[in-house]
Each structure stands twice: as C-alpha cells, then as structure tokens.
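Hi,

Here is the structure I promised to pass on to you. Please open it alongside this message, and then read on for what turned up.

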Amino acid sequence: MAEHDCIFCRIAKEEVPADIVHENEQIVAFRDINPQAPVHVVVIPRKHIASLAASSADDVALLGEILKAAKEVAEKLDIQASGYRVVNNCGPDAQQSVQHIHFHVLGGRRLGWPPG
Ligand code: 5GP
Ligand code: ZN
C-alpha cells in the first residue's frame with residue numbers, strides 16, 4: 001500500500017484529524033476512534049511499516065521508541081498505577097485491520113485475559 005493511501009500515515013502527517021495525545025520526531029499517539037476501554041490510544045511510528053512481521057533489524061530502536069511512548073502515554077493519561085495493556089495485532093489471525101504497525105494502549109478498567 002502506498003503511504004498516501006495509509007490512514008495512519010495520513011494521521012501522522014495531520015492530513016486526517018485525530019485526537020493526538022503524545023508525539024515526537026518519530027512517534028505519534030492518538031485516541032482510538034472506536035475505544036475498547038476508557039483509555040484506548042494507538043501508538044504508531046511516523047515511518048510506514050506494514051506490521052511487526054514486516055519490521056526489520058533496522059527498526060529495533062524504533063520499536064523501543066514505540067514502547068517508551070506507550071509508557072509515556074500511560075503516565076500522561078494517569079493509568080500508570082492502575083495498570084494497562086499494550087497490544088500489537090499482527091496479521092489476519094490477530095485481526096490486524098490497519099496495515100501500519102501500531103500498538104494499542106488500553107486501560108482505565110479491569111481487562112479480561114485471555115483475549116478472544
Ligand atoms: P487493529 O485492529 O489493526 O489492531 O487496530 C486498528 C485500530 O485503529 C482500531 O482499533 C480502529 O478503531 C482504529 N482506527 C482505524 N481507523 C482509525 C481512524 O481513522 N482514526 C482513529 N483515531 N482510529 C482509527
Ligand atoms: Zn502508513
């Protein structure tokens with residue numbers, strides 16, 4: 001998929017509006033349009049990578065930046081003490097629906113386990 005057709009690339013470039021809660025040079029984090037918990041934020045790299053499976057050794061530092069941003073989002077939205085879950089859906093069986101790597105940060109309620 002070309003980057004100009006990718007909804008998350010368009011959000012990162014602010015071509016499509018989103019409720020951005022955190023950003024830096026490499027990362028953008030915004031509230032999910034269909035929240036599954038009181039706090040539901042999607043953390044993405046500005047770089048278009050289709051999925052975790054499509055990431056390479058060159059992306060290791062960037063993947064670390066995503067997790068660091070997830071932690072910062074949790075602190076900013078005040079769920080660091082109550083707890084939260086960071087989820088990456090990769091590929092068809094995980095029902096990845098947007099082909100731009102992203103990590104969900106979910107919290108603000110007791111989360112069930114195992115996931116469906
Ligand atoms: P996935 O199912 O691929 O793991 O997660 C994609 C997530 O992106 C879904 O939770 C979906 O609600 C969210 N999403 C899809 N399109 C948009 C959008 O245009 N804006 C926002 N804020 N979230 C979106
Ligand atoms: Zn993209």
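**Histidine 102 and its surroundings**

Histidine 102 touches Phe8, Val42, Val43, Ile44, Val87, Asn88 and Gln96, leaving aside residues up to four places away in sequence. Before going further, please keep in mind that this is a predicted model. Histidine 102 sits in the loop between β4 (84–87) and β5 (103–107). Its relative accessible area is 5%, so histidine 102 counts as buried. The side chain of histidine 102 also has a polar atom 2.6 Å from the backbone oxygen of histidine 100.

Glutamine 96, one of the residues that histidine 102 touches, is placed in the loop between β4 and β5 as well. Is glutamine 96 buried or exposed? With a relative accessible area of 10%, glutamine 96 is buried. Two backbone oxygens lie within reach of its side chain: that of alanine 50 is 2.9 Å from a polar atom of the glutamine 96 side chain, and that of valine 98 is reached at 3.0 Å. Not counting residues up to four places away in sequence, glutamine 96 touches Ala50, Ser51, Asn89, Cys90, Gly91 and His102.

**The zinc site**

Which residues hold the zinc ion (ligand 2)? The donors are Cys6 (SG), Cys9 (SG), His48 (ND1) and His100 (ND1), at 2.0 to 2.3 Å. The angles among the 4 donor atoms run from 105 to 118°, and the site is tetrahedral. For orientation, the ideal angle for four tetrahedral donors is 109.5 degrees. Along the sequence, the donor residues of this zinc ion follow the spacing C-x2-C-x38-H-x51-H. Cysteine 9 belongs to helix α1 (residues 7–12) and histidine 48 to the loop between β3 and α2 (60–76), so this pair ties together parts that are 39 residues apart in sequence.

Both residues of that pair are buried: cysteine 9 has a relative accessible area of 2%, and histidine 48 has one of 18%. The cut-off for calling a residue buried is under 20%, so histidine 48 with its 18% falls within it.

Helix α1 also holds isoleucine 11, which is buried at 7% relative accessibility. Isoleucine 11 touches Val16, Ala18 and Phe30, again not counting residues up to four places away in sequence. From isoleucine 11 to arginine 46 the C-alpha distance is 9.3 Å, although the two are 35 residues apart in sequence.

**The sheet**

Next comes the sheet. It is open, has 5 strands in the order β1-β2-β3-β5-β4, and its pairing is antiparallel. β1 (20–23) and β4 stand at the edges with a single partner strand each, so each has one side without a neighbour in the sheet. On average, neighbouring strands here are turned by 20° against each other, direction ignored.

Going through the strand pairs:

- β1 and β2 (residues 27–31) are antiparallel and share 3 bridges. A hairpin of 3 residues joins β1 to β2, and isoleucine 20 has phenylalanine 30 in β2 as its bridge partner.
- β2 and β3 are antiparallel and joined by 5 bridges. Arginine 31 has valine 41 in β3 as its bridge partner.
- β3 (residues 39–45) and β5 are antiparallel, with 5 bridges between them. Valine 43 stands opposite phenylalanine 103 in β5.

Why is β3 largely enclosed by the rest of the structure? The reason is that 7 of the 7 residues of β3 are buried. In a regular strand, side chains alternate between the two faces of the sheet. In β3, Val39, Val41, Val43 and Pro45 point one way, while His40, Val42 and Ile44 point the other way, and all are buried. Val42, Val43 and Ile44 are also among the residues that histidine 102 touches.

Key
Residues numbered from 1 in each chain as written. Chains lettered and ligands numbered in written order. Predicted model: local features only at pLDDT ≥ 70, side-chain atom pairs only at ≥ 80, totals over all residues. Heavy atoms only, no water. Helix = DSSP H or I, 4+ residues; strand = E, 2+ residues; numbered from the N terminus. Buried < 20%, exposed > 50% of the residue type's maximum accessible area, 1.4 Å probe, protein only. Polar contact = N/O pair within 3.5 Å; in protein donor to acceptor, adjacent residues only side chain to side chain. Contact = heavy atoms within 4.5 Å. Pairing = 2+ DSSP bridges. Axes fitted to C-alpha atoms, helices over the stretch in contact; angles between N-to-C directions. Donors = N, O, S within 2.8 Å, 3.2 Å for Na, K, Ca; no water. Tetrahedral: all angles 85-135°; square planar, octahedral: opposite > 155°, others 65-115°.
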